[in-house]
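The following note sets out, point by point, the architecture of the protein shown below. It is intended to be read alongside the coordinates.

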Amino acid sequence: MKTITQSINKAQTECNHLGIRLTDKRRNVLQLLLEAGEPLSAYDVVDRYKSSKGETLSAMSAYRMLDFLLQAQLAHKLETTNQYLACSHIACEHEHRIPQFLICDKCHNVTELGLHQRLVDELKSSISDTGFVLASQQLELHGLCNNCQTKQEKG
Ligand SMILES: [Zn+2]
Ligand SMILES: [Zn+2]
Ligand SMILES: [Zn+2]
């Protein structure tokens with residue numbers, strides 16, 4: 001497990017490298033997402049920003065900060081739930097793959113898995129055969145995590 005500090009430092013280095021600015025506010029929002037450990041709506045971000053930083057962030061600014069993080073691939077948006085989460089691979093050295101999210105509908109835990117390009121290409125070609133145009137390549141799969149399955153068995 002990478003620590004939050006490691007992820008923030010790596011994000012800072014990446015942004016410098018890309019020539020984009022991870023301002024204090026953007027970094028704070030990233031930190032909130034990392035600390036939450038679960039997906040947050042933009043309004044959750046506003047609430048948490050207020051309680052942890054003692055500053056009011058307007059919903060509009062929250063969306064702007066989140067958009068920046070999405071562009072920089074430091075965060076992802078779950079289209080099916082309209083929530084945001086920090087990328088699980090910020091502190092990793094490997095290349096970022098197209099994410100696939102396993103979303104637990106019970107505890108809302110989300111696991112980010114990188115898809116192999118080969119798999120994505122196969123998926124894309126079978127989808128384009130139908131004439132359908134994908135809005136996003138990321139996959140969001142809903143279900144029950146390992147933890148919740150165990151709890152369910154116990155009743
Ligand atoms: Zn990611
Ligand atoms: Zn990784
Ligand atoms: Zn669960």
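This is a predicted model: local features need pLDDT of at least 70, side-chain atom pairs count only at pLDDT 80 or more; totals for chains, interfaces and linings use all residues.

1. **A residue pair in the sheet.** Leu102 stands opposite Thr111 in β4.

2. **The hairpin.** Strands β3 and β4 pair in the antiparallel sense, and six bridges link them. The two strands form a hairpin in which five residues lie between β3 and β4. Within that turn, His108 has a positive phi of about 65 degrees.

3. **The parallel neighbour.** Strand β3, which covers residues 98-104, also pairs with β5, here in the parallel sense and over five bridges. In this pairing Ile103 stands opposite His142 in β5.

4. **The sheet as a whole.** In what order do the three strands of the open sheet run? The order is β4-β3-β5, and the pairing is mixed. Strands β4 (110-115) and β5 (139-143) are the edge strands, each pairing on one side only. From one strand to the next, the twist averages 20 degrees.

5. **Secondary structure along the chain.** The protein contains six helices and five strands. In sequence order, these elements follow the pattern α-α-α-α-β-β-β-β-α-β-α.

6. **Domains.** The domain assignment divides the protein into domain 1, residues 1-92, and domain 2, residues 97-155. The C-alpha centres of domain 1 and domain 2 are 22 Å apart. Nine residues from domain 1 and nine residues from domain 2 take part in the contact between them. On the side of domain 1 that touches domain 2, the residues divide into four nonpolar, three polar and two charged.

7. **The α1/α2 pair.** Helix α1 spans residues 4-18 and helix α2 spans residues 24-36. The axes of α1 and α2 come within 10 Å and cross at roughly 145 degrees, and the crossing of α1 and α2 is right-handed. From α1, the contact is made by Ile4, Ser7, Ile8 and Ala11; from α2, the contributing residues are Arg27, Leu30, Gln31, Leu34 and Glu35. The residues of this contact of α1 with α2 comprise five nonpolar, two polar and two charged.

8. **Leu18.** Leu18 and Ala72 are 54 residues apart in sequence, while their C-alpha atoms are 8.8 Å apart in space.

9. **Overall dimensions and burial.** Along its principal axes, the C-alpha trace of the protein spans about 45 × 45 × 30 Å. The protein has 155 residues, of which 24% count as buried.

10. **Sequence range of the contacts.** Considering contacts in the protein between residues at least 6 apart in sequence, 56% join residues at least 24 apart.

Note on methods: Residues are numbered from 1 along each chain as its sequence is written. Chains are lettered from A and ligands numbered from 1 in the order in which they are written. Helices (H or I, at least four residues) and strands (E, at least two) are DSSP runs, numbered from the N terminus. A residue is buried if 20 or more other C-beta atoms lie within 10 Å of its own, exposed if 12 or fewer, and partly exposed in between; C-beta atoms are placed from the backbone. Two residues are in contact if their C-beta atoms, placed from the backbone, lie within 7 Å. Two strands pair if DSSP finds at least two bridges between them. Axes are lines fitted to C-alpha atoms, for helices over the stretch in contact, and angles run from 0 to 180 degrees between N-to-C directions. Domain bounds come from an automatic or database domain assignment. Ala, Val, Leu, Ile, Met, Phe, Trp, Tyr, Cys and Pro count as nonpolar, Asp, Glu, Lys and Arg as charged, and the others, Gly among them, as polar. A crossing is left-handed if the near helix is turned anticlockwise from the far one by less than a right angle, and right-handed if clockwise.
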